Amino acid sequence: MKALDLEGLTIGEIAPLIRKKQISPLELTRRYLERIKTLNPVLNAYLAMTEEGALAAAKRAEREITKGNYRGPLHGIPFSIKDNIAVKGATTTAGSKILSDWVPDFDATVVERLKEAGAVILGKTNMHEWAKGSNSINPFYGTSRNPWDTTRVPGGSSGGSAVAVAAGLCLASLGTDSAGSVRNPASLCGTVGLKPTLGRVSSFGGVAGTGGYTVNHFGVFTRTVKDCALVLGHIAGHDPKDPLSSDEPVPNYTKPIGKPVKGMKIGIIKGYFEQSLVGEVRRAFEEALRMLKALGMKTQEVTIPHMDLVPALQAASTRPEANSDHDHYLRTRPRDYSPGLLYSLIAGLLIPAPVYVTAQRVRRLLCQEFDTAFEKVQVIVAPTLFSTAPTIEECNRGYIEADGQRINLQDRAGNFLTRYTIPFNVTGLPTISICCGFSSSGLPIGMQISAPPFQEGTVFQVADAYEKVAEWYKRNPQL
Amino acid sequence: MKDAVRRLNVEYGFNLSDQEIDLVAKQAEEAALLFQPLFEVDITDITPLTKIDKRIKKTVTRKKGKK
């Protein structure tokens, strides 16, 4: 096997070598398992390893490829899976005490599809308790650490997945995103994170109570946009086991990769994405816009009249939906939730039904407003978060200080770390977060690119064009 | 709101302390304030969003007097 540096490795680079039998999937898997053993005690990215299954899958891949039965670009590729997605035979805790010993006897549809493509599942990644938070400080399983600065959080709730990809502990990971839980950690860890259109990817096998029904999306973490397109192509599509999954045909998502973006229009929503925006993030975002313009794209301001209602819509949708799943455990094991989550769930029981229904009606209005905006532009671009990764200490005390200001991480309208990501949850729009620069202290900064429903291809086209000129993905954390 | 939390406390058997009841009630009050503006939006003839389509379908406006 060729000498291989796992840091910074991409599926796009390794897959052709596996196909040509220059890289052994078994050796590759062993290398990842060794690296995880070395780094996981510090990073806490993985909660459980599926070593036996991973080695068996890698051996099978090697056997098949040797015989000339190459299944495609995910054959022999090591993945990790967020711990709220069922993997047959692997403990799936959802970051909770309540499910600490639950071992599913089935695979989530996305896992089934990865296995059919020949992927190797290395293990389950750490996350915020029940996916109800955005820093991955977990009272039961410990905090996942940001690989760019281990005193900082990786974001969440899919924090472990982002850490695993950023730190070279797998080539790709699957997570879930009901308020930004893929894009937020992707931004804070400097990876690519995609939340596809609502219904584009089956949610069957997701742990109930870890995301609302109308705002939750399964998503993908990778190092590059092309890798992300490859993975989405394998997991997208209708699933009879998930009635909310869409029957829209699945296109070849790698086709728009490399296509020029000249003449395409970028929509900028003024106001909403400027709330408490930290100077360094603003500058990186503006520089990214300049690079997109240099590629021939044009910018245009777009107006979403009811944008200010987004936090209310998000809370009014997710909280009653979550309560519907948690009712049984609230009655039987209330003290097995962390106190903060318990209080929030109890408060959720007091949301009147008309609030929920009214929110769903206003959501249609909001979606129509985005639809109107997309008549003028092909994509909407915004920062992913207002700041870079906060420290664990800052999260515990509840605020950060930046640009001479104190910014609370939680306000009446909810969690401020998800304020910029939730517009794309309540609208279900396909949205990617890609790295758009680094702060002076070396922390990654993320940018979101969003497109009309089911136009993930457009998202990939613009994100790839930017990534190729910016080349931030070539930077690796020093571990 | 505190009374509502106390009722839930009994119904669900949470065993919340008075301090915890205050905390939850405060959260519920803040949420109620957050949701208030949703009721100020004109959503006449707009149906709930339950699924995302390629284009978000506008609700067909009914003519007055017809159901």
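In this predicted model, Tyr272(A) and Phe273(A) are both buried. Together with Phe370(A), Tyr420(A) and Phe424(A), they make up one aromatic cluster.

**Aromatic pairs and charges over rings**

Over all chains, the count of aromatic pairs comes to 14. One of them is formed by Trp130(A) and Tyr337(A), a tilted pair with 6.2 Å centre to centre and 40° between the planes. Trp130(A) belongs to the loop between β3 and α5 of chain A, and Tyr337(A) to the loop between α9 and α10 of chain A, so the pair ties together parts that are 207 residues apart in sequence. Trp130(A) and Tyr337(A) are both buried. The pair of Tyr272(A) and Phe273(A) is edge-to-face, with 5.1 Å centre to centre and 75° between the planes.

Charged side chains also lie over rings. Arg331(A) is placed over the face of Tyr12(B), 4.0 Å from the ring centre. In chain A, the charged end of Arg475(A) sits over the ring of Phe438(A), at 4.4 Å from its centre.

**Salt bridges**

The salt bridges over all chains number 20. Three of these pairs are set out below.

| Lys124(A) | Asp83(A) | 3.1 Å |

Arg333(A) is partly exposed, because its relative accessibility is 32%, whereas Asp336(A) is buried at 16%. Lys97(A) joins Arg333(A) and Asp336(A) in a network of salt bridges.

Arg397(A) and Glu394(A) share helix α12 (residues 392–397) of chain A, where they are three residues apart, about one turn of the helix. Arg397(A) is partly exposed, with a relative accessible area of 37%, while Glu394(A) counts as buried at 15%.

**A buried lysine without a salt bridge**

Lys82(A) lies in strand β2 (residues 78–82) of chain A. This residue is buried but has no salt bridge. The nearest side chain of opposite charge, that of Asp177(A), is 8.3 Å away, and it forms no salt bridge with Lys82(A) because the cut-off is 4 Å. The side chain of Lys82(A) instead makes polar contacts with the side chains of Ser157(A), at 2.7 Å, and Thr176(A), at 2.8 Å. Beyond its neighbours within four places in sequence, Lys82(A) is in contact with residues including Lys124(A), Met127(A), Ala131(A), Ser161(A), Leu174(A) and Ser181(A).

Notes: Residues numbered from 1 in each chain as written. Chains lettered and ligands numbered in written order. Predicted model: local features only at pLDDT ≥ 70, side-chain atom pairs only at ≥ 80, totals over all residues. Heavy atoms only, no water. Helix = DSSP H or I, 4+ residues; strand = E, 2+ residues; numbered from the N terminus. Buried < 20%, exposed > 50% of the residue type's maximum accessible area, 1.4 Å probe, protein only. Lys, Arg positive; Asp, Glu negative; His and termini not counted. Polar contact = N/O pair within 3.5 Å; in protein donor to acceptor, adjacent residues only side chain to side chain. Contact = heavy atoms within 4.5 Å. Phe/Tyr/Trp six-rings, centres within 6.5 Å; stacked < 30°, edge-to-face > 60°. Lys NZ or Arg CZ within 6 Å of the ring centre and 35° of its normal.
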